[in-house]
Amino acid sequence: TLASGASILANAASGGTSGKISITLSDELTAGESIVGDLLSPVLVNSRVASFMASDAQIKGEQVTIDVSSATQTRWEDVGEYFDDIADQLLGTLSEIADIALSQISPLTGQVKIQKATSSVQLSNVAIVAQGQVQITAQSESNSSFTTVGINNKVPVPLPFLVNIGYGETLAQATIALDGTTSIMAGGDVKVSTSVESEASVSSRVSGNSRISNSDSVDY
């Protein structure tokens with residue numbers, strides 16, 4: 001947050017070289033948090049929020065970049081060209097482990113996953129001056145995809161059925177507001193953009209009286 005009267009100045013005096021200004025805000029899960037959440041949480045509610053607000057402030061430099069992002073799951077883009085696809089399958093498989101463990105004691109299994117990601121930039125009465133380009137972006141990614149599975153429980157219960165429930169919900173929101181007397185003066189291009197990605201792919205499966213069970217008592 002830039003409060004009223006605040007300034008970020010990297011502009012040089014006449015004849016000098018101005019500096020670049022980069023404001024980056026991110027609220028995202030780490031790779032470990034993504035895996036542990038899918039592996040251990042039958043009910044997973046996650047909200048990620050990143051915001052930048054400024055009022056009655058000025059930002060001056062050679063280039064000005066404001067980038068705000070939020071994501072509910074690691075994208076893995078730094079781990080290899082094809083790892084994104086591998087990671088989706090890996091997390092889907094990992095999410096089944098908790099259900100298999102729960103199946104040992106209960107005929108009722110499943111998972112609930114609610115993921116929300118919100119990013120916002122709000123500038124009110126702000127003056128941005130750059131000799132080069134100005135870029136303001138807000139982006140959010142929300143993913144509640146997972147797989148659940150139920151098998152025969154190994155503890156005898158007088159209930160000859162299996163029930164497996166999966167519920168996924170996502171919200172992705174990105175906003176940029178330029179209010180009041182906000183102005184952008186640039187010697188190069190000015191780019192103001194938002195982007196959102198929201199995905200919920202839920203698969204629920206049950207296997208009754210299979211080879212991995214020591215019981216054949218399931219009728220439904």
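Predicted model: local features only at pLDDT ≥ 70, side-chain atom pairs only at ≥ 80, totals over all residues.
Residues count from 1 along each chain as its sequence is written. Local features need pLDDT of at least 70, side-chain atom pairs count only at pLDDT 80 or more, totals for chains, interfaces and linings use all residues, and side-chain values use heavy atoms, with hydrogens and water left out.

Biologist: In what order do the 3 strands of the open sheet sit?

Modeller: Strands here are DSSP E runs of at least two residues, numbered from the N terminus, and two of them pair if DSSP finds at least two bridges between them. S3 (43-55) and S10 (163-179) stand at the edges with a single partner strand each, so one side of each has no neighbour in the sheet. The pairing is parallel, and the order is S3-S6-S10.

Biologist: Over how many bridges do S6 and S10 pair?

Modeller: S6 covers residues 108-124 and pairs with S10 in the parallel sense. The S6–S10 total is 17 bridges.

Biologist: Which residues of S7 are on its covered face?

Modeller: In a regular strand, side chains alternate between the two faces of the sheet. In S7, Ala127 and Val129 make up the uncovered face. The covered one has Ile128 and Ala130.

Biologist: Which residue in S11 is the bridge partner of isoleucine 128?

Modeller: S7 runs parallel to S11 (residues 183-186), and 4 bridges join them. Look along S11 for the partner of isoleucine 128: that's isoleucine 184.

Conventions. Buried < 20%, exposed > 50% of the residue type's maximum accessible area, 1.4 Å probe, protein only.
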